[in-house]
Structure formats: structure tokens, C-alpha cells
Amino acid sequence: ARLARRPWTAKACWRSDADRKNEPVLVVDDNEPSRISFKGILEACSLEVTWADSGEAGVKAMALADPGFELVLMDWQMPGIDGFEVLRRLSGSDMPIVIFVTAYDEFALKAFEANALDYLLKPINDDRLAASLQAQADTLGALGRFADAEPLCLRALEIRERNPGRDDGALAVCLHALGTL
């Protein structure tokens, strides 16, 4: 007997803060059943999803998106250009957080070398996808904390560089703001 996929609820969603509602997400996969498998959790999390059925369509969607996508769930093997070529075509400042989703485990190392956040195997396991999405949310939170703390951190590093023996606590405050203390 085939197991039914459990329905996703707002409680199962990792996001609780309202300002992340409707976060733009791109799903790039040439396989329609795979795209459908994402639908439940992405809708439960109130994400604004754009679907692309090829690497070329993914590149085009990313070029046209304003604001850009914060997350891309992408297959690596597709007709035309593959997921790795999609990443090569993006400039550094346009690079979203990428989670590769594929049926092939042998390209995981290559995905992480391309700075993917995660590498999920098909068929999609809902709990594993939820954990990956939580990691994405945590990564964005850390980046936000860094952006807020960046001026303080830069100033602290300048002070330490000019006066190696002096510690006015600014670096500790910077690390605390980043959540590392």
C-alpha cells in the first residue's frame, strides 16, 4: 500500500515571523511530479513560488525577478543546461541560496563545491525538505544579523589592527550581535 503524504499545516512550517511571508522562491525542475511534490510544504509556508521547467527558464526567471529569489530549489539534470550551468551563469551578487534536489547522489560533492546549502534526494522526504528550509531560514537570519552588525565589526577590526594590544570590547559586542558568543 502506498503511504499518503501528510498534509502540511502552518504549524509544520518553520517560519513564524510575518515579514518573511510571501518570500520569493524559485523551483527549477523539468519533472512535473517533482514540482508537484514541493507544492504542499511551499504553500503551507506561504512562499511566493515561481516554477521553471528547465535550466534556461530558471536563468530567465532569475534575470527577471525583482526582487530576486532568496531561495532556489533546483534539479541538476535537465534538458538543455543543467543546474550547475545555471549557477555558473549567475553573477555573485545575484546568487540566491540554492538547494539541489535530484535523484542522483553522486553529484552531492559538486553541489557543495558550487556553494549549495543542501542536496536532497528524490523522492522528496517532507521532513528532510522542512529541515533544509529551516537551514535556509537560519542562513538568512545570520546574514541579516551580519548586515546589522557589519559596521560595528569593521570598526572593531580596524581598532584591533591599529592597536593590537587594545581591546575595548567592540569585537565581543560584534560577535555577540552575530550570535557567535
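Guide: Let's start with one word: contact means that heavy atoms lie within 4.5 Å. What you see is a predicted model, where local features need pLDDT of at least 70 and side-chain atom pairs count only at pLDDT 80 or more, while totals for chains, interfaces and linings use all residues. Residues are numbered from 1 along each chain as its sequence is written, and side-chain values use heavy atoms, with hydrogens and water left out.

Visitor: What pattern does the chain follow along the sequence?

Guide: Helices are DSSP runs of H or I with at least four residues, strands are runs of E with at least two, and both are numbered from the N terminus. By that count the chain has six helices and five strands. Read in sequence order, they give β-α-β-α-β-α-β-α-β-α-α.

Visitor: How much of the chain is buried?

Guide: Buried means under 20% relative accessible area, exposed is over 50%, and partly exposed lies in between (1.4 Å probe, protein chains only). Of the chain's 181 residues, the buried share is 40%.

Visitor: In what order do the strands of the open sheet lie?

Guide: Two strands pair if DSSP finds at least two bridges between them. Here five strands form an open sheet with parallel pairing. The edge strands, each pairing on one side only, are β2 (48-52) and β5 (118-121). Going across the sheet, the order is β2-β1-β3-β4-β5.

Visitor: What angle does the direction of α2 make with that of β1?

Guide: Axes are lines fitted to C-alpha atoms (for helices, over the stretch in contact), and angles run from 0 to 180 degrees between N-to-C directions. From one strand to the next, the twist averages 20 degrees. Helix α2 packs on this sheet and touches β1, β2 and β3. Between its direction and that of β1, the angle is about 165 degrees.

Visitor: Which residue in β3 stands opposite Val28?

Guide: β1 and β3 pair in the parallel sense over four bridges. Strand β3 is covered on both faces, with Leu71 and Leu73 buried on one side and Val72 and Met74 buried on the other. On the β4 side, Leu73 stands opposite Ile99. Opposite Val28 stands Met74.

Visitor: How many residues does the largest nonpolar core have?

Guide: A nonpolar core is a set of buried Ala, Val, Leu, Ile, Met, Phe, Trp, Tyr and Cys residues joined through side-chain atoms within 4.5 Å. In the largest one, the residues with the most contacts inside it are Leu26, Val28, Met62, Val72, Met74 and Phe100. At least two residues each come from β1 (24-28), α2 (55-64), β3 (71-74), α3 (83-88), β4 and α4 (108-113). A second, separate core of 17 residues includes Ile41, Cys45, Leu47 and Leu73, while the largest core has 22 residues.

Visitor: Which residue in β5 is the bridge partner of Phe100?

Guide: β4 and β5 pair in the parallel sense over four bridges. Beyond its neighbours within four places in sequence, Phe100 is in contact with residues including Met74, Leu87 and Leu120. Its bridge partner in β5 is Tyr119.

Visitor: Why does Ser132 count as buried?

Guide: Ser132 sits in helix α5 (residues 126-162). Leaving out residues up to four places away in sequence, Ser132 touches Ile99, Leu117, Asp118 and Leu120. Its side chain also makes a polar contact (a pair of N or O atoms within 3.5 Å; within protein, one able to donate a hydrogen and the other to accept it, with residues adjacent in sequence counting only if both atoms are side-chain atoms), and the partner is the side chain of Asp118, at 3.1 Å. Ser132 counts as buried because its relative accessibility is 0%.

Visitor: With which side chain does the side chain of Thr102 make a polar contact?

Guide: Thr102 is in strand β4 (residues 97-102) and is buried, as its relative accessible area is 0%. Its side chain reaches the backbone nitrogen of Tyr104 at 3.3 Å. At 3.2 Å, the side chain of Thr102 makes a polar contact with that of Trp76.

Visitor: How far apart in space are Lys122 and Thr102, C-alpha to C-alpha?

Guide: Lys122 lies in the loop between β5 and α5. Its side chain makes polar contacts with the side chains of Asp29 (2.7 Å) and Ser34 (3.3 Å). Lys122 and Thr102 are 20 residues apart in sequence, and their C-alpha atoms are apart by 5.5 Å.
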